[in-house]
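Student: Please take me through one part of this model in close detail. I would like the packing inside it, with the cut-offs stated.

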Amino acid sequence: MRQDLDHLARHQGGLGPLLSGLRDDPTSRLPRITQEIEKYWKVALAPYWARIRSVLDADVFHRARSVAEHGAGHVLNDLHASMSWDDSTLTLVRRKRIVTRDLAGAGLLLIPSAFTGPGLRTRVRPPDPPQIAYPARGVGTLWEKRPVRGTRALAPVLGRSRTLLLTELETPASTTELARRTGLSAGGVSQSLTALRDAGLVSAHRAGRSVLYARTAVGEALLEAASAGE
């Protein structure tokens, strides 16, 4: 914790009173930070994680196949416009510090991300391998509304109401919002969501006074499989 805060202080010219207090006594203040990070995860990321994870998994699959077919050099040259590989040197445009193999840990860790923006992020801290976070393929379409298919095949299995709710959870929503959208009663929506959650098809995440429901990776896969048969 102190090492990270010292790094932050060097880049922003010092620490304010709250961060200075954290640096002086991290042990007593870390539990509160941990709670806040958990709250942030539940509200900002967890409801959307299934769709984010699908984009990241697709990128990893694409890169792995590219390595197998064309070699690692091809992947490094194709990863980002600001990065290139010439069989002995990996070059990143505008990186201020040269890193040699002697100074870095072994290997190279590539991290697809939905949150880097258009650029790259790097981390070099031996003995860990150098890390490069890059925008995943398809991240630009992450929040586009996708056509939902497979409802005709799923309805006889799940029931019309549960299938309807599963398709409506393209983006996380509360029971009240789902009732408004679908015309179902709030009680009926709640009962169906409980059944879908018990089956692992949706997850629930508290955000303040509301509970947001989201499709899980299992729910996404079920819809995709059902749509393939139509």
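Tutor: **The largest nonpolar core**

Leu 165, Leu 166, Leu 169, Leu 178, Val 189 and Leu 193 touch the most other members of the largest nonpolar core, which has 17 residues. A nonpolar core here is a set of buried Ala, Val, Leu, Ile, Met, Phe, Trp, Tyr and Cys residues joined through side-chain atoms within 4.5 Å. Buried means under 20% relative accessible area, with a 1.4 Å probe and protein chains only. At least two residues of this core come from each of α6 (151-158), α7 (160-168), α8 (175-182), α9 (186-198) and α10 (217-228). Helices are DSSP runs of H or I, at least four residues long, numbered from the N terminus. The most comes from α9, with three residues.

The model is predicted: local features need pLDDT of at least 70, side-chain atom pairs count only at pLDDT 80 or more, and totals for chains, interfaces and linings use all residues. Residues are numbered from 1 along each chain as its sequence is written, and side-chain values use heavy atoms, with hydrogens and water left out.

Now take Leu 178. Leaving aside residues up to four places away in sequence, Leu 178 touches Leu 165, Glu 168, Leu 169, Ala 173, Val 189 and Leu 193. Contact means heavy atoms within 4.5 Å. Another core lies apart from the largest one. That core has seven residues, including Leu 76, Met 83, Leu 92 and Leu 120.

Arg 51 belongs to helix α4 (residues 49-70). Arg 51 counts as buried because its relative accessibility is 5%. Its C-alpha atom is 8.2 Å from that of Thr 216, 165 residues apart along the chain.

Definitions and conventions:
Buried means under 20% relative accessible area, exposed over 50%, partly exposed in between (1.4 Å probe, protein chains only).
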